[in-house]
Amino acid sequence: MRLQHKFLLFKRINAKRCAAYFIDIIAIKLISYFLFNQYFLIFLRTKSSSSYLSFNGLDEVLSIIFTFNYLAYFTFCFSIYEGKSLGHFLLGLQVKRCCFQSKLTLKECLNRAMANYVCHKTYFILFLIPIFRADNKGIPDILSNSQTCYEGLYNTITTDQLSSQTEITKSRNFDQAA
């Protein structure tokens, strides 16, 4: 019964992670459009017919802008908002360090953002990895030494894990003393 409960919990977390990611992608696309694309369209309209950028060049520029926005969005959301992006906030998820209950460092947030981007560029195939892993971790979780979980549930899981770890340590110390 307990295994079935864990499976349902992981299934819900994966579904919420997927929905949160698509909310974040929509936010990134909107930010890219409103902040940067408008300026490039104005720039192209003001130039003569022989503009500096061809349509192929414009696609490359917009791709670079999206990449920059993608990395900046995830890095700063996870570092400033304590492991929450817009999608995580709306769906009640949070990214925490595995061993500690503290904020992610900026380096871990950047690693997580780059791993997310690599998964995004592989047509989302690498995002399927948490389904097949027992610990429900994806590539961004592994590279940043973090874990995506429900906001309130993380504290109960970590206290249970810590209490079981201390019991194991106490029993080992008792066996070694005897």
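This is a predicted model: local features need pLDDT of at least 70, side-chain atom pairs count only at pLDDT 80 or more; totals for chains, interfaces and linings use all residues.

Let me begin with the core. The largest nonpolar core comprises 15 residues. Ile28, Tyr70, Tyr73, Phe74 and Phe78 are the ones with the most contacts inside it. Helices α1 (2–46), α2 and α4 (106–121) each contribute at least two residues to this core. The largest share, six residues, is that of α2.

Which residues does tyrosine 70 contact, once its neighbours within four places in sequence are set aside? They are Tyr21, Ile25, Ile28, Ala113, Asn116, Tyr117 and His120. Ile28, in that list, is also among the core residues with the most contacts.

Threonine 75 is likewise placed in helix α2. Is this residue buried or exposed? Threonine 75 has a relative accessibility of 6%, and it therefore counts as buried, the cut-off being under 20%. Again leaving aside neighbours within four places in sequence, threonine 75 is in contact with Leu106, Cys109, Leu110 and Ala113.

I turn now to the second largest pocket. Its volume is about 380 Å³, and 18 residues line it. Those nearest the centre of the pocket are Asn14, Arg17, Cys18, Tyr21 and Phe127. Which helices supply the lining, with at least two residues each? They are α1, α2, α4 and α5 (129–132), and the largest share, six residues, comes from α1. By class, eleven of the lining residues are nonpolar, four are polar and three are charged.

Finally, a word on backbone geometry. Most residues other than glycine have a negative phi. Glutamate 82, however, has a positive phi, near 55°. This glutamate sits in the loop that joins α2 (55–80) to α3 (86–91). With a relative accessible area of 46%, glutamate 82 is partly exposed, because that class lies between 20% and 50%.

Asparagine 145 is not a glycine either, and its phi is positive at about 50°. Where is this asparagine found? It lies in the loop between α6 (139–144) and β2 (146–150). Its relative accessibility is 39%, so asparagine 145 also counts as partly exposed.

Thank you for your attention.

Definitions and conventions: Residues are numbered from 1 along each chain as its sequence is written. Side-chain values use heavy atoms; hydrogens and water are left out. Helices (H or I, at least four residues) and strands (E, at least two) are DSSP runs, numbered from the N terminus. Buried means under 20% relative accessible area, exposed over 50%, partly exposed in between (1.4 Å probe, protein chains only). A nonpolar core is a set of buried Ala, Val, Leu, Ile, Met, Phe, Trp, Tyr and Cys residues joined through side-chain atoms within 4.5 Å. Contact means heavy atoms within 4.5 Å. On a 1 Å grid over the protein atoms alone, a cavity is a set of points where a 1.4 Å probe fits but cannot get out, and a pocket is an open set with protein on both sides within 12 Å along at least five of seven lines; lining residues have an atom within 4 Å of a point. Grid points are joined across faces, edges and corners, and a volume is the space filled by probe spheres set on the points. Ala, Val, Leu, Ile, Met, Phe, Trp, Tyr, Cys and Pro count as nonpolar, Asp, Glu, Lys and Arg as charged, and the others, Gly among them, as polar.
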